[in-house]
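Reader: I am new to this structure. Can you show me how to read its features?
Author: Take a look, and then we will go through them.

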Amino acid sequence: MNIDNPSHPLWAGLKLSQRTRIAMAVRHIMLHGTLNRSHIMSFGEVSAAQAAADIRVILQRKPKLMSYDNRGKFYRLNCL
């Protein structure tokens, strides 16, 4: 099972809506190579604060997936 699936064990313990947003965010970064809060805000129609919280969850549970680009102000997919 891929980590971009809301049912992946990595996302266990989260509410379905948050699991779904996070799965969409992971799918986005894997396809496009970048991710920022506005992407998550558009996936789930959530606030910037909630999008930031979702990014924190991704970083806590899968820390090597992405890293922040200070210059571009987005997260970049790390080589997996």
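Author: Start with contact, which means heavy atoms within 4.5 Å. Helices (H or I, at least four residues) and strands (E, at least two) are DSSP runs, numbered from the N terminus. This is a predicted model, where local features need pLDDT of at least 70, side-chain atom pairs count only at pLDDT 80 or more, and totals for chains, interfaces and linings use all residues. Residues are numbered from 1 along each chain as its sequence is written, and side-chain values use heavy atoms, with hydrogens and water left out.

Reader: Which residues of α2 and α3 meet?
Author: From α2 come Arg 37, Ile 40 and Met 41. They meet Ala 48, Ala 51, Ala 52, Asp 54 and Ile 55 of α3. By class, this contact has 6 nonpolar, no polar and 2 charged residues (Ala, Val, Leu, Ile, Met, Phe, Trp, Tyr, Cys and Pro count as nonpolar, Asp, Glu, Lys and Arg as charged, the others, Gly among them, as polar).

Reader: How do I describe two packed helices?
Author: Give the angle between their axes and the distance between the axes. Axes are lines fitted to C-alpha atoms, for helices over the stretch in contact, and angles run from 0 to 180 degrees between N-to-C directions. Here α2 (residues 37–44) and α3 (residues 48–61) pack at about 110 degrees, with axes 9 Å apart. That makes α2 roughly perpendicular to α3 (65 to 115 degrees; under 35 is roughly parallel, over 145 roughly antiparallel, the rest oblique).

Reader: Which residues of α1 are buried?
Author: Buried means under 20% relative accessible area, exposed over 50%, partly exposed in between (1.4 Å probe, protein chains only). In α1 the buried residues are Gln 18, Arg 21, Ile 22, Ala 23, Ala 25, Val 26, His 28 and Ile 29. Their cover includes β1 (34–35), α2, α3, β2 (66–69) and β3 (74–77).

Reader: Why does Ile 22 count as buried?
Author: Because its relative accessibility is 0%. Leaving aside neighbours within four places in sequence, Ile 22 is in contact with Trp 11, Leu 14, Asp 54, Val 57 and Ile 58.

Reader: Which residues touch the most other members of the largest nonpolar core?
Author: In soluble globular proteins, nonpolar side chains tend to be buried together. A nonpolar core is a set of buried Ala, Val, Leu, Ile, Met, Phe, Trp, Tyr and Cys residues joined through side-chain atoms within 4.5 Å. Of the 17 residues in the largest one, Ile 22, Val 26, Leu 35, Ile 40, Ile 58 and Met 66 touch the most other members. The elements giving two or more residues to this core are α1 (16–32) and α3.
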